[in-house]
Amino acid sequence: MLISRTSAMLESDASSSFAEKPPSSGAALLTAAGIAAAFGLASCCALPFFLSILGVGTAWLTGVALMAAPHRLLLMTVAAVCLLGGAILLWRQQRAAMVCTTNGVCAPPAIRALTLVGLAIGAALLWAGYTYA
């Protein structure tokens with residue numbers, strides 16, 4: 001009897017703690033990983049080209065490009081998977097925010113907007129790295 005009460009209390013505590021948890025930062029982390037992989041992919045050809053148009057020196061990219069060149073296919077795959085995962089998680093956060101009440105726990109709009117901007121930057125770097133290599 002004591003065991004059943006204890007397990008019932010644990011289940012009620014677990015269900016209430018899951019309901020009160022803040023949204024995970026998985027979308028932002030996957031987006032950051034996708035940007036990092038896409039940056040490595042674009043560092044050999046696309047970034048020096050675009051940065052030189054802006055008048056920015058690109059000698060510092062040589063080391064990154066030399067390290068990333070042998071792993072180009074892996075970086076492209078990791079960037080695409082991370083950015084796609086970040087987009088899916090952001091979409092889920094957006095859907096949850098549409099039905100979130102005033103006292104509900106939702107991702108702040110600023111975080112969702114920054115994640116969206118990061119996804120756009122990562123997608124642009126991924127495209128540039130694929131196209132200009």
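The model is predicted. The protein has six helices and zero strands, so from the N terminus its elements read α-α-α-α-α-α. Of its 133 residues, 28% are buried.

- Thr31 belongs to helix α2, which spans residues 26-42.
- Thr31 counts as buried because its relative accessible area is 4%, under the 20% cut-off.
- The side chain of Thr31 comes to 2.7 Å from the backbone oxygen of Ala27.
- Leaving out residues up to four places away in sequence, Thr31 touches Cys82, Leu83, Gly86, Thr115, Gly118 and Leu119.
- One of those partners, Gly118, is found in helix α6.
- Gly118 is buried as well, with a relative accessibility of 8%.
- Seen from Gly118, the contacts are Thr31 and Ile35, again not counting residues up to four places away in sequence.
- Gly118 and Gly86 are 32 residues apart in sequence, and their C-alpha atoms are 9.6 Å apart in space.

- Is Arg112 buried or exposed? Arg112 is buried, because its relative accessible area of 14% falls under 20%.
- Setting aside neighbours within four places in sequence, Arg112 is in contact with Leu90, Gln93, Gln94, Ala97 and Ala107.

- Helix α3 covers residues 46-53.
- The buried residues in α3 are Ala46, Leu47, Pro48 and Leu51.
- The cover over these buried residues includes α2, α4 and α6.
- Just after α3, Gly55 has a positive phi of about 85°.
- Ala59 sits in the loop between α3 and α4.
- Ala59 counts as exposed because its relative accessibility is 64%, over the 50% cut-off.
- Ala59 and Pro48 are eleven residues apart in sequence, with 8.4 Å between their C-alpha atoms.

- Within helix α4 (residues 61-68), Leu61, Ala65 and Ala68 are buried.
- These three residues lie on the same side of α4, because they cover an arc of only 75° around the axis.
- An α-helix has 3.6 residues a turn, so residues three or four places apart point the same way.
- Helices α2, α3 and α5 (72-98) are among the elements that cover the buried residues of α4.
- On the other side of α4, Leu66 and Met67 are exposed.
- For Leu66, the relative accessibility is 62%, so this leucine counts as exposed, the cut-off being over 50%.
- The C-alpha atoms of Leu66 and Cys44 are separated by 7.6 Å, although the two residues are 22 residues apart along the chain.

- Which residues make the nonpolar surface patch of about 530 Å²? The patch is made by Phe49, Phe50, Ile53, Trp127 and Tyr132.
- Helix α3 gives the largest share of this patch, with three residues.
- Tyr132, another member of the patch, is placed in the segment after α6 (109-131).
- Tyr132 is partly exposed because its relative accessible area is 36%, which lies between the 20% and 50% cut-offs.

Note on methods. Residues are numbered from 1 along each chain as its sequence is written. This is a predicted model: local features need pLDDT of at least 70, side-chain atom pairs count only at pLDDT 80 or more; totals for chains, interfaces and linings use all residues. Side-chain values use heavy atoms; hydrogens and water are left out. Helices (H or I, at least four residues) and strands (E, at least two) are DSSP runs, numbered from the N terminus. Buried means under 20% relative accessible area, exposed over 50%, partly exposed in between (1.4 Å probe, protein chains only). A polar contact is a pair of N or O atoms within 3.5 Å; within protein, one must be able to donate a hydrogen and the other to accept it, and residues adjacent in sequence count only if both atoms are side-chain atoms. Contact means heavy atoms within 4.5 Å. Patches are made of residues with over 30% relative accessible area and no salt bridge: like charges are joined within 9 Å, nonpolar side chains (Val, Leu, Ile, Met, Phe, Trp, Tyr) within 5 Å. Accessible areas come from the Shrake-Rupley method with a 1.4 Å probe; for residues, only the protein chains shown count as cover. A salt bridge is a side-chain nitrogen of Lys or Arg within 4 Å of a carboxyl oxygen of Asp or Glu. The arc is that of the directions from the helix axis to the C-beta atoms.
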